[in-house]
Amino acid sequence: MAAETPPLPQPPCVAPDWALFLDVDGTLLDFAAAPADVHVEPGLVDALAVLHRRLDGALALISGRTLAQLDRLFSPLKLPAVGLHGLEQRDNGHLDLHRRAPALDAVLAAAQALAAKYPGALAEDKGTTIALHWRGAPAAEEPLHEFATSALIDLPGYHLQPGNSVIELRPDGAHKGAAVLSLLAHPPFQGRRPVFVGDDLTDEHGFAAVASHGGFGVLVGRRQPSAARYALHDPEAVRAWLDDAVAIAGDEQRRRDDP
Ligand SMILES: [Mg+2]
């Protein structure tokens with residue numbers, strides 16, 4: 001029997017000199033059967049707002065979702081954010097959108113027709129990418145994989161990005177690590193200790209990027225191997241960890257107000 005990998009230690013509390021990069025699904029939010037069904041826990045939006053101020057703006061969401069979806073989920077907050085694994089980026093109000101491949105509409109229509117045969121499966125139109133989900137329909141995993149592999153023939157310059165019960169057809173050259181490095185090149189992120197929190201394979205690019213700049217990754221879950229140095233058990237543990245940092249920020253504020 002193979003020896004079980006020892007669990008990674010818990011991360012230290014969020015420090016004021018960090019740049020904090022947070023994945024969203026499976027990290028801040030519990031997974032739902034479909035991406036549209038996720039629930040934002042009460043208090044999470046307020047906690048993110050407090051920490052964004054405490055880090056002097058150096059807190060960003062790094063997600064596979066679109067920026068428009070992120071803004072809806074965390075309304076009224078508009079945090080610095082990277083969407084679609086780096087294809088969309090908002091940094092001090094600047095937004096860079098990549099172009100949609102001409103064949104994507106036809107591939108999307110075929111993907112949606114296939115997904116419709118498996119109740120619970122979903123072919124999601126994400127603008128420049130297509131995500132094929134089977135969390136709600138495990139039997140769809142193999143046919144969706146086969147479809148994605150064959151669809152690449154019609155999408156030059158695209159590749160497959162596997163994830164947690166999802167595979168995505170996406171343009172080359174963008175991943176969460178590159179997105180983090182581009183944010184770290186400018187204020188308010190520049191010169192801070194970068195910390196990336198994420199659960200999925202796509203977050204390993206983020207863990208490697210922060211490690212190359214004197215920071216570290218925090219894995220959500222027990223997936224191994226991982227380049228993360230610390231781990232938190234699940235999104236609930238992530239939210240508790242953020243709440244601890246909010247409480248400490250509140251104590252410090254009260255000491256400043258009333259020494
Ligand atoms: Mg995730």
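This is a predicted model: local features need pLDDT of at least 70, side-chain atom pairs count only at pLDDT 80 or more; totals for chains, interfaces and linings use all residues.
Which residues coordinate the magnesium ion?

View 1. The magnesium ion is coordinated by Asp23 and Asp199, each through OD, and by Asp25 through O, at 2.1 Å. Along the sequence, these donor residues follow the spacing D-x1-D-x173-D. Asp23 and Asp25 are both buried. Water is not among the atoms, so the site may look incomplete.

**View 2. The two domains of the protein chain.** Domain 1 is made up of two segments, 18-97 and 174-257, while domain 2 spans 104-171. Taken over C-alpha atoms, the centres of domain 1 and domain 2 are 26 Å apart. At the boundary, 16 residues of domain 1 are in contact with 15 residues of domain 2.

**View 3. Area buried between domain 1 and domain 2.** The size of an interface is often expressed as the accessible area lost when the parts come together. Here the buried area is about 1200 Å², and carbon and sulfur atoms give 55% of that area. On the side of domain 1, Pro35, Leu84 and Leu87 supply 32% of the area buried against domain 2, more than any other three residues.

**View 4. Polar contacts and residue classes at the interface of domain 1 and domain 2.** Four residue pairs are in polar contact across this interface, with both residues of each pair at pLDDT 80 or more. The residues on the side of domain 1 that touches domain 2 comprise eight nonpolar, five polar and three charged. The count of salt bridges between domain 1 and domain 2 is zero.

Conventions: Residues are numbered from 1 along each chain as its sequence is written. Side-chain values use heavy atoms; hydrogens and water are left out. Domain bounds come from an automatic or database domain assignment. Contact means heavy atoms within 4.5 Å. Buried area is the accessible area (1.4 Å probe) that two parts lose on being put together, summed over both. A salt bridge is a side-chain nitrogen of Lys or Arg within 4 Å of a carboxyl oxygen of Asp or Glu. A polar contact is a pair of N or O atoms within 3.5 Å; within protein, one must be able to donate a hydrogen and the other to accept it, and residues adjacent in sequence count only if both atoms are side-chain atoms. Ala, Val, Leu, Ile, Met, Phe, Trp, Tyr, Cys and Pro count as nonpolar, Asp, Glu, Lys and Arg as charged, and the others, Gly among them, as polar. Donors are N, O and S atoms within 2.8 Å of the metal (3.2 Å for Na, K and Ca); water is not among the atoms, so sites may look incomplete. Buried means under 20% relative accessible area, exposed over 50%, partly exposed in between (1.4 Å probe, protein chains only).
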